[in-house]
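Have the sequence and the 3D view side by side as you read.

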Amino acid sequence: MRRIGFLLACVLGLPNPACAIAATKPAQTEAPAKDRDEDHRWESRTWQPPPGLKQIPLWPDGAPDMQDVPRVPERIEIADTPDALEGRTSEAAWDVTAPTLTVFPPKGRNTGVAIVVFPGGGFKAVVVTKQGTEICRWIASKGMTCILSKYRVPKSNHYWDRDCRCAVTPKIPRALQDAQRTIRLVRSKAREWNIDPNKIGAMGFSAGGYLVAQTSNIFKPAYRPIDAVDKISSRPDFAIAFYPGHLCRAGATLDPGIRVTKKTPPTFLLQAWDDPVDEICNSTVYARALDAAGVPAEVHLFAKGGHAFALRKSEHPVVAAWPSLVENWLKEIGVL
């Protein structure tokens, strides 16, 4: 992800001309500039899902490998976004140290399919509305169970460090630990939640797309197993990545930590050529690796669409097109 620098306002959906030049700015680890105060506010609290939904801690005794992590209270950035699919605001969770999953039950006929959603946020924040709850509402409307992941941030996976102006891979990938644990926990609850344990997929956006690629190829636990849940497979049965980041490294090569094999699940990739945050190389280099390994993949590259479009209204056709493309692909591979 050589163009990791972006204003979180772009991801949240704030109308900001700076989004068009986000790729020229280094990533920020603190709150956005004060000149955005009229569009957003901050609250010191733990993110809570919409009423009536079940939120579950990932780890029974707290997340692992937190000895050297500052215990800063979680805070929520609330942006005024009139184009939100529900209400007029969007939220992002910062300083997450207690990761959770939230279950969105299927609407209508239960297909038995479940999709774990990993929102984006550059491993600085977790964009829980635009790339989380809104996506899960759509998934649930198709008769699938959606599980929204709120993983640990910041600096919990490959990220841009503004001090050294360089990309850093932390020794402990805490976001990957949470992603693996989430998939295992969902599979352990398959009977209770009326899920087919062989139809559990992963969907990710931007940084979340990187978690999709990691969980699709890294099956060994990234943490010391703690209970029976960790004996269950964390491999998703299918994978969907939208405008992924972090995959394309120096020389347009694939992240060396991603080793694609025939065990990699069928994969759906979608991105826009004019993405100002994550270069198109992130999708193309991964697509080539999937092809070389003989992994079934469907790849859609749109001329225009920018970054972080999710399901919000757009002048570009990519937003209107991708839901039906995903649904048809799931039917094609025998999931739906």
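Let's start with β6 and β8, which run parallel and are joined by 4 bridges. In that pairing, A114 sits opposite T145 of β8. Helices and strands here are DSSP runs, numbered from the N terminus: helices are H or I with at least four residues, strands are E with at least two. Two strands pair if DSSP finds at least two bridges between them.

Before going further, a word on the source: this is a predicted model, where local features need pLDDT of at least 70 and side-chain atom pairs count only at pLDDT 80 or more, while totals for chains, interfaces and linings use all residues. Residues are numbered from 1 along each chain as its sequence is written, and side-chain values use heavy atoms, with hydrogens and water left out.

Now back to β8. It is mostly covered, with 6 of its 6 residues buried (buried means under 20% relative accessible area, exposed over 50%, partly exposed in between, using a 1.4 Å probe and protein chains only). T145, I147 and S149 point one way from β8, while C146, L148 and K150 point the other way. β8 is also joined to β5 by 5 bridges, and those two run antiparallel. There, T102 faces L148 of β8.

## The eight-stranded sheet

Which order do the strands of this open sheet follow? The 8 strands go β2-β5-β8-β6-β11-β12-β15-β16, with mixed pairing. At the edges are β2 (54-57) and β16 (297-302), each pairing on one side only. Neighbouring strands are turned by 15 degrees against each other on average, direction ignored. Strand β6 (residues 114-118) also runs parallel to strand β11 (residues 200-205), with 5 bridges joining them, and I115 stands opposite G201 in β11.

Take a look at V299, which has its place in strand β16. V299 counts as partly exposed, at 35% relative accessibility. Leaving out residues up to four places away in sequence, V299 touches L269 and A287 (a contact means heavy atoms within 4.5 Å). The C-alpha atoms of V299 and Q271 are 8.5 Å apart, though 28 residues separate the two along the chain.

## Helices on the sheet, and a helix pair

Helix α2 (residues 129-141) has 11 of its 13 residues buried, so it is largely enclosed by the rest of the structure. Among those buried residues are W138, I139 and A140. After α2 comes G143, whose phi is positive, near 80 degrees. Over on β15 (267-272) and β16 lies helix α5 (residues 281-292), running at about 155 degrees to β15. Angles like this one run from 0 to 180 degrees between N-to-C directions, and axes are lines fitted to C-alpha atoms, for helices over the stretch in contact.

Two other helices pack against each other: α3 (residues 174-188) and α4 (residues 207-217) meet at an angle of about 65 degrees, with their axes 10 Å apart. On the α3 side, A175, L176, A179, Q180 and I183 meet L211, Q214 and T215 in α4.

β1 pairs with strand β3 (residues 75-80) over 4 bridges, in the antiparallel sense, and R41 has I78 in β3 as its bridge partner.

## Aromatic rings

How many aromatic pairs turn up in a search of the whole structure? The search finds 12. Rings of Phe, Tyr and Trp (its six-membered ring) pair if their centres lie within 6.5 Å; planes under 30 degrees apart count as stacked, over 60 as edge-to-face and the rest as tilted. With centres 6.4 Å apart and planes at 70 degrees, the rings of F238 and W329 make an edge-to-face pair. F238 lies in strand β12 (residues 238-242) and W329 in helix α6 (residues 318-332), so the pair ties together parts that are 91 residues apart in sequence.

F238 counts as buried at 0% relative accessibility, and W329 is buried too, with a relative accessible area of 4%. Ring pairs link both of them into a cluster whose members include W138, F205 and F242.
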